[in-house]
Amino acid sequence: MRIRPVATVVAGALMGLSALVLSTTVAQAAPDGRTPVTVAHRGASSYAPENTLASIDAAERLGFEWVENDVQRTKDGELVILHDNSLARTTDVEQVFPGRSPWNVSDFTLKEIEKLDAGSWFGPKFRGERVPTLEDYMDEVENNDQSLLMELKSPELYPGIELQTLTELRRSGWLDNKHVKRRLIIQSFNADAIKTVHTLRPDLKTGFLGNPSVADLPKFAKYCDQINPVHTAVTPEYVAAVHGLKGPHRRQLDLYTWTVDDPATAVKVAGLGVDGIISNKPDVVRDALEDSDD
């Protein structure tokens with residue numbers, strides 16, 4: 001099922017938190033010496049409205065396998081894809097529902113959110129693009145044969161969202177061996193959320209968003225496969241410290257950095273040895289890295 005402009009979607013109830021079958025599959029890290037993976041941040045978000053199906057479709061047309069998104073929960077317990085806690089910046093919620101400031105996702109039902117235009121703010125040709133449910137988003141990623149770096153956004157606001165998200169991923173077929181091994185990473189700024197994900201599904205690859213001190217890195221290595229800092233925090237010493245540790249799957253920790261949109265920074269962080277680069281302009285990063293290899 002796909003959300004498309006001017007289409008009405010009735011999403012199924014996602015709150016059933018059934019037991020998850022744990023697998024023993026080990027998440028795979030990229031081999032040493034490989035060009036950094038380029039991840040399309042919120043989809044190709046410089047070319048289409050972020051975190052919409054149009055954005056991941058744009059990434060697919062540009063030739064990018066990996067996309068990144070943000071998962072939150074509505075008032076009636078449905079999982080949707082949106083970056084900000086408020087709907088105000090990327091939808092017309094202020095016009096459709098005036099007087100309900102600050103327009104937080106958690107204050108609106110899915111039916112209400114489905115009435116919102118999540119595309120016109122970006123450009124007229126995206127008028128009618130909707131806020132996707134996680135279910136519809138995963139269908140589109142699968143249809144595009146893409147892979148997903150999923151962020152649990154502000155999980156402290158949504159108790160139980162870790163299990164709920166994993167339940168929906170399982171329903172969508174994303175917790176089988178193929179997807180877990182090669183196509184899915186779950187990250188968050190909230191360390192407790194990542195610990196919970198690792199406890200529920202120790203086979204999954206996980207990442208912590210931020211730059212813990214070098215002294216604290218061994219603690220994170222117990223439940224994280226990646227440390228994903230902002231690019232301004234990346235130094236040769238920090239990359240070496242991260243790479244010097246093995247994660248829960250007994251593989252070298254990866255480091256994915258964000259958000260890199262210019263050629264010079266892309267070449268710089270690649271030269272420092274990062275494993276992944278998260279970008280709103282993934283094509284710019286790709287071209288810069290290809291040019292630097294010439």
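Trainee: Where does N51 lie, and what makes N51 count as buried?

Mentor: N51 lies in the loop between β1 (37–40) and α1 (53–62); helices (H or I, at least four residues) and strands (E, at least two) are DSSP runs, numbered from the N terminus. Buried means under 20% relative accessible area, exposed over 50%, and partly exposed in between, with a 1.4 Å probe and protein chains only. N51 has 2% relative accessibility, so N51 counts as buried. This is a predicted model, in which local features need pLDDT of at least 70, side-chain atom pairs count only at pLDDT 80 or more, and totals for chains, interfaces and linings use all residues. Residues are numbered from 1 along each chain as its sequence is written, and side-chain values use heavy atoms, with hydrogens and water left out.

Trainee: What is there to say about phi of N51?

Mentor: Phi of N51 is near 60 degrees, which is positive, and N51 is a residue other than glycine. Most residues other than glycine have a negative phi.

Trainee: How do you know whether S154 is buried or exposed?

Mentor: The relative accessible area of S154 is 15%, so S154 is buried. S154 sits in the loop between β4 (147–152) and α5, and its phi is positive too, about 50 degrees.

Trainee: Why are α5 and α7 called oblique to each other?

Mentor: Axes are lines fitted to C-alpha atoms, for helices over the stretch in contact, and angles run from 0 to 180 degrees between N-to-C directions. Angles under 35 degrees count as roughly parallel, over 145 as roughly antiparallel, 65 to 115 as roughly perpendicular and the rest as oblique. The axes of α5 (residues 161–171) and α7 (residues 191–200) cross at roughly 45 degrees, so the two helices are oblique.

Trainee: What makes α10 and α11 oblique?

Mentor: α10 (residues 263–271) and α11 (residues 282–293) pack at about 60 degrees, with axes 8 Å apart; that angle falls in the rest, and the pair is therefore oblique.

Trainee: How confident is the predictor over residues 1–31?

Mentor: pLDDT, the predictor's confidence in each residue, runs from 0 to 100. Over residues 1–31 pLDDT stays under 50. Where pLDDT is low, the predicted coordinates should not be read in detail. For the protein chain the mean pLDDT is 91, and 88% of its residues reach 70 or more.

Notes
Contact = heavy atoms within 4.5 Å.
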